[in-house]
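Open the model in your viewer and follow the stops below in order. Each stop says what to select and what is there.

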Amino acid sequence: MLQMVLRKMIKNRWMVLCLLIGVIIATAMMSSIPEYTGGILQKVLTKDLEDYQVKNNVFPGTYYLKHDFYSDDVNVRKSKYDEFNNIIKDDFYKTINIPALYKVNILNFEYLNTEFMSEYLNKKVTENIMIKAMSDMDKHIKMLHGHHPSKSKSGDVYEVMISETAMHDLDLKLDSTYNIKKINTIDDNFKPINVKIAGVFAPESTNDTYWYQGKASYSDSLFMDYSLFCNEFMKSNDCKVSSAEWYAAFDYHKITLSNISDITTNLDNQYKWLNSNQAKDINIPSLDTLKKYDGRQKQLKTLLWVLQVPVILMLIFYLFMVSQLIMEEEKNEIAVLKSRGATRVQIFKSYLTESLILSGIAIIFGPLIGMWICKLLGASNGFLNFVQRTSLPIYLDYNAYLYALIAIGLFILTMLIPAFFASKTTIVLYKQEKSKINKKAIWQKYFIDFVFIGISSYGIYNYNVRQNIMNYNTGSVTDLPIDPLLFLISTFFILGVGLLFLRIYPHIIKLVFWIGKKTWSPTAYASLLSVSRSTGKNQFLILFLIFTLSIGIFNAKAARTINTNNEEKIKYSIGADVTIMANWINGERPRPMPGAPITDYVVTYTEPDYKQYESLSGVAYATKVYTKNDASITMGDKDSRNVCFMGIIPSEFGKTAWFRTDLLTYHWYNYLNLMTKDPRAFLLSRSFQKKYNIKLGDEVTVTLGERGSLSGIAYAFVDYWPTYNPHQVKDENLQQDLIVGNFNYVEANLPIAPYEVWIKKQNNVTSQQLYDDIKKKNLKVNNLKDTSQEIIKSKNDPILQGINGALTLGFLVTMAITAVGFLIYWIISIRSRILQFGVLRAMGFTFKELIKMLIWEQFLISVTAIFMGVIIGGVVSDIFVPMLKVAFNTSEQIPPFKVIAYGGDYIKIYATIGIILLAGLIIIGRFVSKIKINEAIKLGED
């Protein structure tokens, strides 16, 4: 049987090759889901911990606790220390199960003092001190003066070392001996001890995580050799330890998706145990971050899944379509085998063998290709945009092969289910079935198209309800549970509308055929007749092309929308390409007001040389922008300190600032022109109308802190303005107001104050060029914001990278599957119609006329499907892409979310379609050109 199956596969090698390509793509795609999702989630986890370290200046792998031993019974102190020490080292550290950079044990002998003669004060002083011992300390220090303390006692003197800070603060001397006494009287048997300052040390590196508590915490400590401390002061009958600290620095980069759950559970249990046992100080900074990650992981995983579900459905649809087409072509062969004595089991086994051979090849190459795809997508810098960057941590694990096996299982089912039903076909049944008039498909009988459209309509309604809830609560959509149906309804909409079109399209063809029945050329007549009578096969291709192209367009538009909105949010929040706050020198002088008290001062500033910034290399335009975020106004009996005042130079501001032109009623240049006509012109945020009932032409007085007050006239109201967030809530939970005035008017009437320099760069000028010139001119900058650098930083965000990667992967797979599916259909279609072509040639059709007939069919089937796919893809994008904002905090999305289409993506789609159509025509021509009438028309056939 294996030999027969291999011969059949070699005979149908082109068809088998296309099927194999589809199976490998499906396997690679399915296996890439856990690989890519895992890689992105791992990157998110690591980045969260790294961001925590940068923000809080605390090593996320820190594990620190301290316990005091209060008992005056030395045996109790000893036993309690042993209990803590054993459970931490033998249990707690091991259950965390990740490598530790350091494990430090710190022993403290506290509540001590020493009395000595201070040369600096020229009198006797008493200093409170403690004696410490830290394990492995020698490896993390450098001696500045003297030497390391001895590991043994010299007579009745113990050698110790101190830090530079302690030497200064305690006024201790190198090589001097001090008598140490105990402050309290709890331990009546305590005998004073003598210590000698043997050396002064400093940390080997200021960035060494070994020094978790920082240098300041050791300013009152004398450090003894750790082994000496244990031998002398940790004896059961003379335990002098008053507190102990355990510190470990675990390598948080080794926290993975596979061990994070165990780590958080164990850390949580340890935290509870330590609290219940009255540990004095506990610090496990990563615990809260790791706990929060679980929710973030679920949200991101859900988002990545729903973005890839349409592609998975497309792959299933592809496999089913190809299997059905293959089975339709081979029904005649199956019937012949049945008539020659082959059993259903034998026929079923042959197809099972073929599917297992293809599956075996796919399971070998699919996951490897999937891993390569994931690494490629890890370099995604946007939709279909790749750069050199560190690849994602992608690994082939059991999940990847599990998902690959699911794809294989689906493929085998799509092969075997049609084979099972086809195996009962005999010659008689096959001929009877071919002579029957086409019956309605299941989806037509049960109105599946209307069901899908109904589901998508419910999804739109549900989305609108959620939007209304968000508007009434003035909250974020992400505060509500994300309904995955909101992402899947786009797929249902495409399928529903596509099926509805298939329900109508045959009637359209029949109508066209009837209208021109007497005038159609033979080629057009034959094409219309062929398409109208073979709706079963054609429907598969039409729906497949509609579905794949719509998904491709949706992915392209969704990715461009997400990326563009993200970039516009950054541009809007910064206001220009670069904003610089220079270093302003300030001083104080008495306030120049009659009768003002001598203590009443006002800050004065010295303005930096503005021309230095205006003439920086690569600057196209520059302008001054003064901002006062805590300005105030008074309107009648109402006042507010929740006002942002912005002073601008209108003509320069319009050339320099970034602003989206659709945000205001008129182009924003018109508002700048209003300000140019009258220096007292104010632009007010729309909130002024609601809060204070201000009308156009009203006079408004704004107070700019100690600089004084300024009056202006309300010339226009704006909903948005560069850097202004109308949804931002500040004092008293009220929306912040905005006043925009003329900078020159402010400068002429009030004392000068620090302003920002906003810069628009010339085309193709890099940020580095600007930075280099700032350094060259030795300009002192307090703060610099660079839009391009912030955009780069956001593109490196793992979540955005994951979304871009998922959508890019979906788009590439869609285009590949479209090409392969299209070719498979036409290969099978041409092969199954060789007899028909032979008959037509025998009836007088020329080869040129056959080609014309097939071009007509291409137009009626492929071009029509492509046209509908583009239309449905555009419609579904316009309706459903805005719903992607449920995955983002829309209260932070300023300017408002906007659906973006990029012409370059459509060019890529149309170019791919053009190549597919051209390849189809070439293949059709090649097959038809090889048809031989004497071989096509056989005795006993139709």
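Are Phe201 and Phe223 buried or exposed? Select both: Phe201 is buried, and Phe223 is buried too. Keep in mind throughout that this is a predicted model.

**Whole chain**

Begin by showing the chain as a cartoon. Its secondary structure comes to 27 helices and 25 strands. The protein chain has 942 residues, and buried residues make up 50% of them. Take the contacts with a separation of 6 or more: residues 24 or more positions apart account for 81% of these.

**Aromatic pairs**

Next, display the aromatic side chains. Across the whole structure, a search finds 33 aromatic pairs. One of them is formed by Phe201 and Phe223, with 5.4 Å centre to centre and 90° between the planes, an edge-to-face arrangement. This pair links distant parts of the chain: Phe201 belongs to strand β7 (residues 193-203) and Phe223 to strand β8 (residues 221-224), and the two are 22 residues apart.

Move on to Tyr210 and Trp211. Their ring centres are 5.1 Å apart and the planes stand at 80°, so this pair is edge-to-face, the cut-off being over 60 degrees. Tyr210 is buried, with a relative accessible area of 2%. Trp211 counts as buried as well because its relative accessibility of 10% is under 20%.

For a group of rings, select Tyr572, Phe653, Phe659, Trp668, Tyr669, Trp721 and Trp758. These residues form one aromatic cluster.

Lys624 lies over the face of the Tyr610 ring, at 4.8 Å from the ring centre.

**Helix α2**

Select residues 13-56, which are helix α2.

Thr27 is placed in helix α2. Which residues does Thr27 touch, not counting those up to four places away in sequence? They are Ala362, Gly366, Pro367, Ala404, Ala407 and Ile408. Thr27 has 0% relative accessibility and therefore counts as buried.

Leu45 lies in helix α2 too. Leaving out residues up to four places away in sequence, Leu45 touches Ile255, Ile260, Leu290 and Tyr293. Why does Leu45 count as buried? Its relative accessibility is 0%, and buried means under 20%. Now pick the C-alpha atoms of Leu45 and His253: they are separated by 9.0 Å, although these residues are 208 residues apart along the chain.

**The second largest pocket**

Which element gives the most to the lining of the second largest pocket? Helix α2 does, with 12 residues. At least two lining residues each come from α2, α7 (286-339) and α9 (398-422).

**Two positive phi angles**

Look next at the backbone in two loops. Asp136 sits in the loop between β3 (123-134) and β4 (141-146). Its phi is positive, about 60°, although Asp136 is not a glycine.

Asn778 is in the loop between α21 (767-776) and β25 (781-786). Asn778 also is not a glycine, and it has a positive phi of about 55°. The relative accessible area of Asn778 is 61%, which is over 50%, so this residue is exposed.

**Cysteines**

For the last stop, select the cysteines. How many disulfides does a search of the whole structure find? The search finds 0 disulfides. Cys230, at 25% relative accessibility, counts as partly exposed. Cys644 has a relative accessible area of 8% and is buried.

Definitions and conventions:
Residues are numbered from 1 along each chain as its sequence is written. This is a predicted model: local features need pLDDT of at least 70, side-chain atom pairs count only at pLDDT 80 or more; totals for chains, interfaces and linings use all residues. Side-chain values use heavy atoms; hydrogens and water are left out. Helices (H or I, at least four residues) and strands (E, at least two) are DSSP runs, numbered from the N terminus. Buried means under 20% relative accessible area, exposed over 50%, partly exposed in between (1.4 Å probe, protein chains only). Contact means heavy atoms within 4.5 Å. A disulfide is a pair of cysteine sulfur atoms within 2.5 Å. Rings of Phe, Tyr and Trp (its six-membered ring) pair if their centres lie within 6.5 Å; planes under 30 degrees apart count as stacked, over 60 as edge-to-face and the rest as tilted. A charge sits over a ring if NZ of Lys or CZ of Arg is within 6 Å of the ring centre and within 35 degrees of the ring normal.
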